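Please look over the sequence and the model before reading the points below.

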Amino acid sequence: MSARLAVAVAISLGAAMAADQAEISYRECSGNYADGSQYANNLADLLSALPRRAASSSSTAGWFGTGTAGTASGLVMCYADCDAARCHDFLQKAADPAPGGGGLTAICPHSRNANLLECSSDGCLRVLRYAGAPFLGAADTSAAFSWQSSGDSDPIPAADVAGMSAARLRLLSLLAEKAAGHGQDQPPPRLATGSQAYAAAGAGGGSAPSQGVVYGLAQCTGDLAASECARCLAYLLAVASGDDGMGNATRGSVRGFSCYLRYQVNEPIDIGSSAAPSPQPTADQSGPAAAPWTGSTMTTRIAGLAAAASCVVLLAFGV
(Lines give C-alpha, C1' and ligand atoms only; values in the text may rest on other atoms or scores of the structure.)
Protein backbone atom coordinates (compact mmCIF):
# COMPACT_ATOMS: atom_id res chain seq x y z
CA MET A 1 0.00 0.00 0.00
CA SER A 2 1.25 3.49 -0.84
CA ALA A 3 2.45 5.82 1.85
CA ARG A 4 -0.15 8.04 3.44
CA LEU A 5 -0.11 11.40 5.14
CA ALA A 6 -2.21 11.10 8.28
CA VAL A 7 -3.42 14.05 10.32
CA ALA A 8 -5.34 13.36 13.53
CA VAL A 9 -7.70 16.06 14.73
CA ALA A 10 -9.29 15.57 18.14
CA ILE A 11 -12.50 17.48 18.77
CA SER A 12 -13.67 17.57 22.36
CA LEU A 13 -17.44 17.82 22.51
CA GLY A 14 -18.91 19.72 25.44
CA ALA A 15 -21.01 18.77 28.42
CA ALA A 16 -24.76 18.24 28.64
CA MET A 17 -24.98 16.97 25.06
CA ALA A 18 -26.46 13.80 23.53
CA ALA A 19 -23.95 11.71 21.57
CA ASP A 20 -26.47 10.30 19.11
CA GLN A 21 -27.24 13.80 17.79
CA ALA A 22 -23.72 14.74 16.69
CA GLU A 23 -23.41 15.13 12.90
CA ILE A 24 -20.03 14.99 11.19
CA SER A 25 -19.63 16.19 7.61
CA TYR A 26 -16.80 16.15 5.10
CA ARG A 27 -16.49 17.50 1.58
CA GLU A 28 -14.06 17.16 -1.30
CA CYS A 29 -14.69 19.59 -4.19
CA SER A 30 -12.83 20.29 -7.45
CA GLY A 31 -13.34 21.82 -10.87
CA ASN A 32 -15.86 24.48 -11.83
CA TYR A 33 -18.93 24.98 -13.97
CA ALA A 34 -20.92 28.09 -14.89
CA ASP A 35 -24.59 28.76 -14.21
CA GLY A 36 -26.66 28.01 -17.28
CA SER A 37 -24.00 25.78 -18.81
CA GLN A 38 -24.76 22.37 -20.26
CA TYR A 39 -23.04 20.76 -17.29
CA ALA A 40 -25.20 22.75 -14.85
CA ASN A 41 -28.30 21.45 -16.63
CA ASN A 42 -26.94 17.90 -16.66
CA LEU A 43 -26.12 18.05 -12.97
CA ALA A 44 -29.61 19.33 -12.12
CA ASP A 45 -31.15 16.45 -14.06
CA LEU A 46 -28.84 13.95 -12.37
CA LEU A 47 -29.50 15.19 -8.83
CA SER A 48 -33.25 15.16 -9.33
CA ALA A 49 -33.13 11.52 -10.46
CA LEU A 50 -30.67 10.03 -7.94
CA PRO A 51 -32.81 10.31 -4.76
CA ARG A 52 -35.86 8.80 -6.50
CA ARG A 53 -33.79 5.84 -7.63
CA ALA A 54 -32.37 5.36 -4.15
CA ALA A 55 -35.78 5.55 -2.49
CA SER A 56 -37.26 3.06 -4.94
CA SER A 57 -34.47 0.52 -4.42
CA SER A 58 -34.35 0.43 -0.61
CA SER A 59 -33.59 -2.82 1.17
CA THR A 60 -32.04 -4.07 4.38
CA ALA A 61 -28.69 -3.11 2.79
CA GLY A 62 -29.69 0.56 2.67
CA TRP A 63 -30.72 2.91 -0.13
CA PHE A 64 -28.61 3.31 -3.24
CA GLY A 65 -28.97 4.97 -6.63
CA THR A 66 -26.68 5.82 -9.55
CA GLY A 67 -27.12 7.68 -12.78
CA THR A 68 -25.67 9.71 -15.62
CA ALA A 69 -26.89 12.80 -17.43
CA GLY A 70 -24.73 13.99 -20.31
CA THR A 71 -21.18 14.01 -18.97
CA ALA A 72 -22.30 14.05 -15.30
CA SER A 73 -22.15 10.81 -13.31
CA GLY A 74 -23.29 10.35 -9.74
CA LEU A 75 -24.38 8.14 -6.89
CA VAL A 76 -26.20 8.58 -3.61
CA MET A 77 -26.31 6.08 -0.76
CA CYS A 78 -27.59 5.67 2.77
CA TYR A 79 -25.73 2.74 4.33
CA ALA A 80 -27.45 -0.20 6.02
CA ASP A 81 -27.26 1.29 9.53
CA CYS A 82 -29.15 4.43 8.50
CA ASP A 83 -32.73 4.99 9.60
CA ALA A 84 -35.45 6.12 7.20
CA ALA A 85 -35.93 9.60 8.67
CA ARG A 86 -32.31 10.70 8.30
CA CYS A 87 -32.00 9.03 4.92
CA HIS A 88 -35.10 10.83 3.69
CA ASP A 89 -33.70 14.16 4.88
CA PHE A 90 -30.41 13.44 3.10
CA LEU A 91 -32.14 12.45 -0.15
CA GLN A 92 -34.15 15.67 -0.09
CA LYS A 93 -30.97 17.73 0.29
CA ALA A 94 -29.25 15.72 -2.45
CA ALA A 95 -32.05 16.56 -4.88
CA ASP A 96 -31.55 20.35 -4.59
CA PRO A 97 -29.15 21.46 -7.37
CA ALA A 98 -29.11 25.18 -6.51
CA PRO A 99 -25.53 26.22 -5.53
CA GLY A 100 -26.93 28.91 -3.22
CA GLY A 101 -29.78 26.84 -1.81
CA GLY A 102 -30.08 24.53 1.18
CA GLY A 103 -29.06 21.37 -0.65
CA LEU A 104 -25.83 19.44 -0.61
CA THR A 105 -24.41 21.25 -3.65
CA ALA A 106 -24.30 24.45 -1.58
CA ILE A 107 -21.27 22.97 0.17
CA CYS A 108 -19.42 22.70 -3.16
CA PRO A 109 -20.93 25.62 -5.09
CA HIS A 110 -20.27 25.45 -8.85
CA SER A 111 -17.92 22.50 -8.32
CA ARG A 112 -17.80 20.07 -11.22
CA ASN A 113 -16.76 17.18 -8.95
CA ALA A 114 -17.85 16.56 -5.37
CA ASN A 115 -17.63 13.90 -2.68
CA LEU A 116 -19.99 14.71 0.19
CA LEU A 117 -20.18 12.62 3.35
CA GLU A 118 -22.61 12.99 6.24
CA CYS A 119 -22.61 10.71 9.26
CA SER A 120 -23.81 10.57 12.84
CA SER A 121 -22.12 9.47 16.02
CA ASP A 122 -24.58 6.57 16.25
CA GLY A 123 -23.92 5.45 12.67
CA CYS A 124 -26.13 6.24 9.68
CA LEU A 125 -23.54 7.01 7.01
CA ARG A 126 -24.78 8.90 3.92
CA VAL A 127 -22.80 9.81 0.81
CA LEU A 128 -23.36 11.80 -2.40
CA ARG A 129 -20.78 11.78 -5.18
CA TYR A 130 -20.88 13.36 -8.62
CA ALA A 131 -18.32 14.20 -11.28
CA GLY A 132 -17.92 15.44 -14.83
CA ALA A 133 -16.18 12.22 -15.86
CA PRO A 134 -17.09 8.54 -15.35
CA PHE A 135 -16.17 7.14 -11.92
CA LEU A 136 -18.84 4.55 -11.14
CA GLY A 137 -17.32 1.18 -10.37
CA ALA A 138 -13.99 2.59 -9.12
CA ALA A 139 -13.39 2.76 -5.36
CA ASP A 140 -12.31 6.11 -3.94
CA THR A 141 -9.42 5.65 -1.51
CA SER A 142 -8.35 9.29 -1.35
CA ALA A 143 -9.37 9.81 2.27
CA ALA A 144 -10.59 7.99 5.36
CA PHE A 145 -12.20 9.36 8.51
CA SER A 146 -11.80 7.55 11.81
CA TRP A 147 -14.34 8.30 14.52
CA GLN A 148 -14.49 6.89 18.04
CA SER A 149 -16.47 7.56 21.19
CA SER A 150 -17.53 5.91 24.42
CA GLY A 151 -20.68 8.05 24.65
CA ASP A 152 -22.29 7.59 28.05
CA SER A 153 -20.20 4.46 28.69
CA ASP A 154 -16.76 4.16 30.19
CA PRO A 155 -13.88 3.31 27.83
CA ILE A 156 -12.81 -0.31 27.68
CA PRO A 157 -10.88 -1.17 30.90
CA ALA A 158 -7.13 -1.28 30.44
CA ALA A 159 -7.06 -5.01 31.25
CA ASP A 160 -9.47 -5.70 28.37
CA VAL A 161 -8.01 -3.45 25.67
CA ALA A 162 -5.69 -6.03 24.11
CA GLY A 163 -8.39 -8.70 23.93
CA MET A 164 -11.03 -6.33 22.59
CA SER A 165 -8.65 -4.81 20.02
CA ALA A 166 -7.64 -8.23 18.73
CA ALA A 167 -11.28 -9.34 18.52
CA ARG A 168 -12.23 -6.10 16.76
CA LEU A 169 -9.51 -6.38 14.13
CA ARG A 170 -10.25 -10.07 13.57
CA LEU A 171 -13.97 -9.35 13.16
CA LEU A 172 -13.57 -6.37 10.84
CA SER A 173 -11.07 -8.29 8.70
CA LEU A 174 -13.50 -11.20 8.34
CA LEU A 175 -16.42 -8.88 7.59
CA ALA A 176 -14.39 -7.00 4.97
CA GLU A 177 -13.61 -10.28 3.25
CA LYS A 178 -17.24 -11.37 3.42
CA ALA A 179 -18.60 -8.03 2.16
CA ALA A 180 -16.28 -8.29 -0.83
CA GLY A 181 -17.59 -11.78 -1.62
CA HIS A 182 -14.54 -13.77 -0.44
CA GLY A 183 -12.74 -12.90 -3.67
CA GLN A 184 -15.64 -14.08 -5.83
CA ASP A 185 -17.48 -11.59 -8.01
CA GLN A 186 -20.83 -12.14 -6.35
CA PRO A 187 -23.63 -9.62 -6.96
CA PRO A 188 -24.28 -6.79 -4.44
CA PRO A 189 -25.13 -5.93 -1.76
CA ARG A 190 -21.56 -5.53 -0.56
CA LEU A 191 -22.56 -5.84 3.09
CA ALA A 192 -21.54 -8.04 6.01
CA THR A 193 -22.35 -7.90 9.71
CA GLY A 194 -21.34 -10.14 12.59
CA SER A 195 -19.90 -10.39 16.10
CA GLN A 196 -16.80 -11.65 17.90
CA ALA A 197 -16.53 -12.54 21.58
CA TYR A 198 -13.52 -11.84 23.77
CA ALA A 199 -12.59 -12.51 27.40
CA ALA A 200 -13.33 -9.48 29.59
CA ALA A 201 -12.54 -8.66 33.19
CA GLY A 202 -15.33 -9.05 35.73
CA ALA A 203 -17.42 -6.14 36.92
CA GLY A 204 -15.72 -6.02 40.33
CA GLY A 205 -12.11 -5.97 41.39
CA GLY A 206 -12.05 -9.68 42.26
CA SER A 207 -14.78 -10.85 39.91
CA ALA A 208 -14.29 -13.78 37.61
CA PRO A 209 -13.67 -12.96 33.95
CA SER A 210 -16.77 -12.48 31.83
CA GLN A 211 -17.29 -12.19 28.10
CA GLY A 212 -17.46 -9.10 25.95
CA VAL A 213 -18.78 -9.01 22.40
CA VAL A 214 -17.69 -6.79 19.52
CA TYR A 215 -20.34 -6.20 16.85
CA GLY A 216 -19.29 -5.01 13.41
CA LEU A 217 -20.34 -3.92 9.95
CA ALA A 218 -18.47 -3.71 6.64
CA GLN A 219 -20.08 -2.27 3.52
CA CYS A 220 -19.22 -0.82 0.12
CA THR A 221 -21.25 1.34 -2.23
CA GLY A 222 -23.41 -0.71 -4.54
CA ASP A 223 -21.55 0.18 -7.75
CA LEU A 224 -18.35 -1.65 -6.78
CA ALA A 225 -17.32 -5.06 -8.06
CA ALA A 226 -15.92 -7.48 -5.50
CA SER A 227 -12.30 -6.60 -6.27
CA GLU A 228 -12.87 -2.86 -5.86
CA CYS A 229 -14.83 -3.40 -2.66
CA ALA A 230 -11.96 -5.53 -1.31
CA ARG A 231 -9.43 -2.83 -2.23
CA CYS A 232 -11.49 -0.12 -0.54
CA LEU A 233 -12.04 -2.07 2.68
CA ALA A 234 -8.36 -3.08 2.83
CA TYR A 235 -7.53 0.63 2.80
CA LEU A 236 -9.90 1.29 5.71
CA LEU A 237 -8.56 -1.71 7.63
CA ALA A 238 -5.05 -0.30 7.34
CA VAL A 239 -6.29 2.96 8.87
CA ALA A 240 -8.24 1.11 11.58
CA SER A 241 -5.21 -0.94 12.63
CA GLY A 242 -2.84 2.04 12.72
CA ASP A 243 -1.59 3.74 15.86
CA ASP A 244 -4.31 6.42 15.67
CA GLY A 245 -6.99 4.07 14.39
CA MET A 246 -9.71 3.13 16.87
CA GLY A 247 -8.24 3.09 20.40
CA ASN A 248 -10.18 1.68 23.34
CA ALA A 249 -13.54 3.38 22.78
CA THR A 250 -16.72 1.32 22.99
CA ARG A 251 -17.78 2.36 19.49
CA GLY A 252 -16.04 3.61 16.39
CA SER A 253 -15.87 3.55 12.63
CA VAL A 254 -13.67 4.32 9.64
CA ARG A 255 -15.57 5.99 6.83
CA GLY A 256 -14.58 6.53 3.23
CA PHE A 257 -16.38 7.81 0.16
CA SER A 258 -16.78 4.26 -1.21
CA CYS A 259 -16.82 1.99 1.86
CA TYR A 260 -17.42 1.83 5.59
CA LEU A 261 -16.27 -0.10 8.67
CA ARG A 262 -18.05 0.19 12.01
CA TYR A 263 -17.93 -1.56 15.39
CA GLN A 264 -19.41 -1.25 18.86
CA VAL A 265 -18.95 -3.24 22.04
CA ASN A 266 -21.74 -5.16 23.80
CA GLU A 267 -24.43 -3.51 21.70
CA PRO A 268 -25.72 -4.97 18.41
CA ILE A 269 -25.72 -2.66 15.39
CA ASP A 270 -29.21 -1.93 14.15
CA ILE A 271 -29.46 -2.93 10.49
CA GLY A 272 -32.34 -2.60 8.06
CA SER A 273 -35.06 -2.17 10.68
CA SER A 274 -36.64 1.00 9.30
CA ALA A 275 -39.15 1.43 6.53
CA ALA A 276 -37.98 2.87 3.24
CA PRO A 277 -37.97 6.66 2.90
CA SER A 278 -40.95 7.98 0.98
CA PRO A 279 -40.42 9.19 -2.63
CA GLN A 280 -39.18 12.74 -3.03
CA PRO A 281 -41.97 15.37 -3.16
CA THR A 282 -42.42 17.33 -6.35
CA ALA A 283 -42.54 21.12 -6.41
CA ASP A 284 -46.32 21.29 -6.04
CA GLN A 285 -46.44 19.04 -2.95
CA SER A 286 -46.52 20.61 0.47
CA GLY A 287 -44.55 19.54 3.48
CA PRO A 288 -41.68 20.71 5.66
CA ALA A 289 -38.43 21.45 3.87
CA ALA A 290 -35.38 19.44 4.68
CA ALA A 291 -32.94 21.03 7.08
CA PRO A 292 -30.17 22.75 5.10
CA TRP A 293 -26.76 21.13 4.87
CA THR A 294 -24.43 23.08 7.12
CA GLY A 295 -21.29 21.03 6.78
CA SER A 296 -17.87 22.33 5.81
CA THR A 297 -14.50 20.90 4.85
CA MET A 298 -14.42 19.31 8.29
CA THR A 299 -17.27 20.20 10.61
CA THR A 300 -19.02 18.79 13.64
CA ARG A 301 -22.62 19.92 14.02
CA ILE A 302 -23.49 19.40 17.66
CA ALA A 303 -27.04 19.06 18.93
CA GLY A 304 -25.72 17.44 22.09
CA LEU A 305 -23.01 15.21 23.45
CA ALA A 306 -22.37 13.45 26.74
CA ALA A 307 -19.71 15.03 28.90
CA ALA A 308 -17.21 12.19 28.52
CA ALA A 309 -17.58 11.76 24.77
CA SER A 310 -15.04 12.84 22.20
CA CYS A 311 -14.69 12.52 18.45
CA VAL A 312 -11.42 11.82 16.67
CA VAL A 313 -11.34 12.36 12.92
CA LEU A 314 -8.34 10.80 11.17
CA LEU A 315 -7.71 12.08 7.68
CA ALA A 316 -5.59 9.67 5.67
CA PHE A 317 -4.79 10.91 2.20
CA GLY A 318 -3.34 8.66 -0.47
CA VAL A 319 -0.02 9.75 -1.92
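Ala84 is found in helix α2. The model is a predicted one. In it, Ala84 counts as buried because its relative accessibility is 15%, under the 20% cut-off. Between Ala84 and Trp63 there are 9.3 Å in space, C-alpha to C-alpha, and the two are 21 residues apart in sequence.

**Disulfides as a set**

- The count of disulfides comes to five.
- A disulfide is a covalent bond between the sulfur atoms of two cysteines.
- With bonded cysteines counted along the chain, the disulfides of the protein chain follow the pattern 1-5, 2-4, 3-6, 7-8, 9-10.

**Cys82 and Cys124**

- Cys82 is joined to Cys124 by a disulfide, with an S to S distance of 2.0 Å.
- This pair links distant parts of the chain, 42 residues apart. Cys82 sits in the loop between β4 (72-78) and α2 (84-94), while Cys124 belongs to strand β6 (residues 123-131).
- Cys82 has a relative accessible area of 5% and is buried. Cys124 is buried as well, at 0%.
- Another cysteine, Cys119, is buried with a relative accessible area of 3%.

**Cys220 and Cys229**

- The sulfur atoms of Cys220 and Cys229 are 2.1 Å apart, and the two residues form a disulfide.
- The torsion about their S-S bond is about 85 degrees, so this disulfide is right-handed.
- Cys220 counts as buried at 2% relative accessibility, and Cys229 is buried with a relative accessible area of 0%.

**Cys232 and Cys259**

- A disulfide with an S to S distance of 2.0 Å joins Cys232 to Cys259.
- The link of Cys232 and Cys259 is left-handed, with -90 degrees about the S-S bond.
- Cys232 lies in helix α4 (residues 226-240) and Cys259 in strand β11 (residues 259-265), so the pair ties together parts that are 27 residues apart in sequence.
- At 1% relative accessibility, Cys232 counts as buried. For Cys259 the relative accessible area is 0%, and this residue is buried too.

**Nonpolar cores**

- The largest nonpolar core has 33 residues. Those with the most contacts inside this core are Tyr198, Val214, Leu233, Leu236, Val254, Leu261 and Val265.
- Two or more residues of this core come from each of the elements α3 (158-179), β8 (191-200), β9 (210-220), α4 and β11.
- Which element gives the most to this core? Helix α4 does, with eight residues.
- Another core lies apart from the largest one and has 28 residues, among them Ala40, Cys78, Leu116 and Leu128.

**Contacts of Tyr198**

- Tyr198 is one of the residues with the most contacts inside the largest core.
- Leaving aside neighbours within four places in sequence, Tyr198 is in contact with Ile156, Asp160, Gly163, Met164 and Ala167, among others.
- The contacts of Tyr198 also include Ser210, Gln211, Gly212, Val213 and Val214, as well as Val265.
- Val214 and Val265, both in contact with Tyr198, are likewise among the residues with the most contacts inside the core.

Conventions: Residues are numbered from 1 along each chain as its sequence is written. This is a predicted model: local features need pLDDT of at least 70, side-chain atom pairs count only at pLDDT 80 or more; totals for chains, interfaces and linings use all residues. Side-chain values use heavy atoms; hydrogens and water are left out. A disulfide is a pair of cysteine sulfur atoms within 2.5 Å. Helices (H or I, at least four residues) and strands (E, at least two) are DSSP runs, numbered from the N terminus. Buried means under 20% relative accessible area, exposed over 50%, partly exposed in between (1.4 Å probe, protein chains only). A nonpolar core is a set of buried Ala, Val, Leu, Ile, Met, Phe, Trp, Tyr and Cys residues joined through side-chain atoms within 4.5 Å. Contact means heavy atoms within 4.5 Å.
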